[in-house]
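Hi there,

Here is the structure I promised to pass on. Have a look first, and my notes follow below.

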Amino acid sequence: MDALCRAEPRSRRPAAASASPLPWARFSAWLDCVCVVTFDLELGQAMELVYPYDFRLTEKEKTSICYLSFPDSYSGGLGDTQFSFRLRQSGGQRTTHYEDDGEYNREAPLMLQRESAHYFGYVYFRQVKDSSMKRGYFQKSLVLVSRLPYVNLFQSLLQLIAPEYFDKLEPCLEAVCNEIDQWPPPVPGQTLNLPVMGVVIQVRIPSRVDKPGSSPVKQFNQENLLPAPLVLPSIHELDLFRCFQPVLIHIQMLWELMLLGEPIVVMAPSPTVSSEMVLALTSCLAPLRYCCDYRPYFTIHDSEFKEYTTRTQAPPNIVVGVTNPFFIKTLQHWPHILRVGELRMSGDLPKQVKVKKLAKLKTLDTKPGIYTSYKTFLHKDKTLIKRLLKGIQRKRPSEVQSALLRRHLLELTQSFIIPLEHYIASLMPLQRAITPWKNPPQIRPFRQEDFMKTLEHAGPQLTCVLKGDWLGLYRRFFKSPNFDGWYRQRHKEMTQKLEALHLEAICEANIVAWMKDKSEVEIVDLVLKLREKLVRARCQHLPVKEETLQRVGLYIETIIGSLPEDLQTVLHHH
């Protein structure tokens, strides 16, 4: 390990042969950059280093990263702390060494897609007494900045590299980044071995075709790796049971609030608790994508502070995690505030917080609780609590309890979403209505009242034992960004499917027979339309077989070949 950390520093890799990827291309598939934030007596938090050196962050982004990389003074204890944040990108689209054609996002589950407008920050903060420093303390954060929500992978990576970095500093960091630049890219569905600092991290990248709720496949391809790899069961799933400990009896309410995209403040004693709780909340709708904004850790220095604390308009659809008690005053007007204490695993069911009226949220020493006037649409699931309690009594491992909790939330979300899936599938035109020489028919509009009529015979009651006002819940859901995001995604997929079916219909048609009684203008018009379809199919990666696209290409050549030579020349040059 020492030898590794004394590796030669390298600011830029020389341009390689054309077969090699661009410098930092592989690194950029995982991380945008690595930052080191330190405490400066005159400046406060200051950016000490950004690596690779040529990665450009705007001044606004640098300032935000500096503030988000240190715990608030209220929550700072001695020792090492790990937490996460999410940051809005400023300054428009950025060029990156990673050439992403969108393939990863097409194959990854929606909740694990690469972000286009936000960065995730994964932080390892160290604060220890050090008499050689002016303040008497060593305070520094190592931050991995990425567009991927792989919280488990990146926090595990930090546990390996941060202690070593704090000991040996910059040459060590350069060596680690060079190693990451040798990693294979994250490909959904693949199990990857990622070597770093003498350890091999083994991960499986989830795929969109995975069965929801299936546990990661046990890894067999150890390839006689020595030392044995560090196998991560999941790149992103948190220990839900540990995160939700103090609110287990309110899990139904929290699920509803997240489903409806309600504004929620999580007030926690530390950035670790705050970021874990926010990430746990956003994950509890899987496989439905949480389409609202969320900030696992947020400070009063954030550029969006005014936007979130203004009382002149309703709070935005966002879950925000804070640790500074000052927020109790500034966010008092928010409709749902979850105040939690330190998370401690014990042998019994932890003390459960109570639901309290917002009016009681006045003092800085506000007790833990859910401060809201929200009334749930569905009744509580008492069987879940009984099963979790039984697990505690039998000393069941936390990961088993988490799996139970995740399964419950998955089944609840599926029971809610399946009727919507069935209804939207019924809006697709019949395949026999798709004819080769006419534009494909339109998808019928989504009518909320028509959907509501289907619930009597095909509603959530078919798969879920929970009673309550399901209709009221759907009506509220229709007004949320989560419905809008779900509908847009489904509509896009259905439109692409229609395009694909239309191309297949064209391939099966008798094109020579169609051309017999057509004028040159009509034939040229068909050539241009087919070409446009072919370009769109390739650019949008429509679900069409390659042989179908090749056949359409041959059809175009056949049609052009039937035209006079002067027209052929024009079309070949077009």
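Predicted model: local features only at pLDDT ≥ 70, side-chain atom pairs only at ≥ 80, totals over all residues.

Helix α18 covers residues 520–539, and its packing angle with α20 is about 20 degrees. Because that falls under the cut-off, α18 and α20 are roughly parallel to each other. Their axes lie 12 Å apart, and the crossing of α18 with α20 is right-handed.

As for who meets whom, α18 contributes Glu-520, Val-524, Val-527, Leu-528 and Arg-531, while α20 contributes Leu-567, Leu-571 and His-572. By type, the residues of this contact are five nonpolar, one polar and two charged.

You will find Leu-563 in the loop between α19 (546–561) and α20 (565–573). Leu-563 counts as buried because its relative accessibility is 6%, and the cut-off for buried is under 20%. Leaving aside residues up to four places away in sequence, Leu-563 touches Glu-520, Ile-523, Val-524, Gln-568 and Leu-571. Val-524 is 39 residues from Leu-563 in sequence, with 8.7 Å between their C-alpha atoms.

Of its 574 residues, 51% are buried. Among contacts between residues at least 6 apart in sequence, 73% join residues at least 24 apart. The accessible surface of the chain is about 28,500 Å², with 54% of it belonging to carbon and sulfur atoms.

Best wishes

Methods
Residues numbered from 1 in each chain as written. Heavy atoms only, no water. Helix = DSSP H or I, 4+ residues; strand = E, 2+ residues; numbered from the N terminus. Buried < 20%, exposed > 50% of the residue type's maximum accessible area, 1.4 Å probe, protein only. Contact = heavy atoms within 4.5 Å. Areas by Shrake-Rupley, 256 points an atom, 1.4 Å probe, with all protein chains shown as cover. Axes fitted to C-alpha atoms, helices over the stretch in contact; angles between N-to-C directions. Parallel < 35°, antiparallel > 145°, perpendicular 65-115°, else oblique. Left-handed = near helix turned anticlockwise from the far one by under 90°. Nonpolar A, V, L, I, M, F, W, Y, C, P; charged D, E, K, R; others polar.
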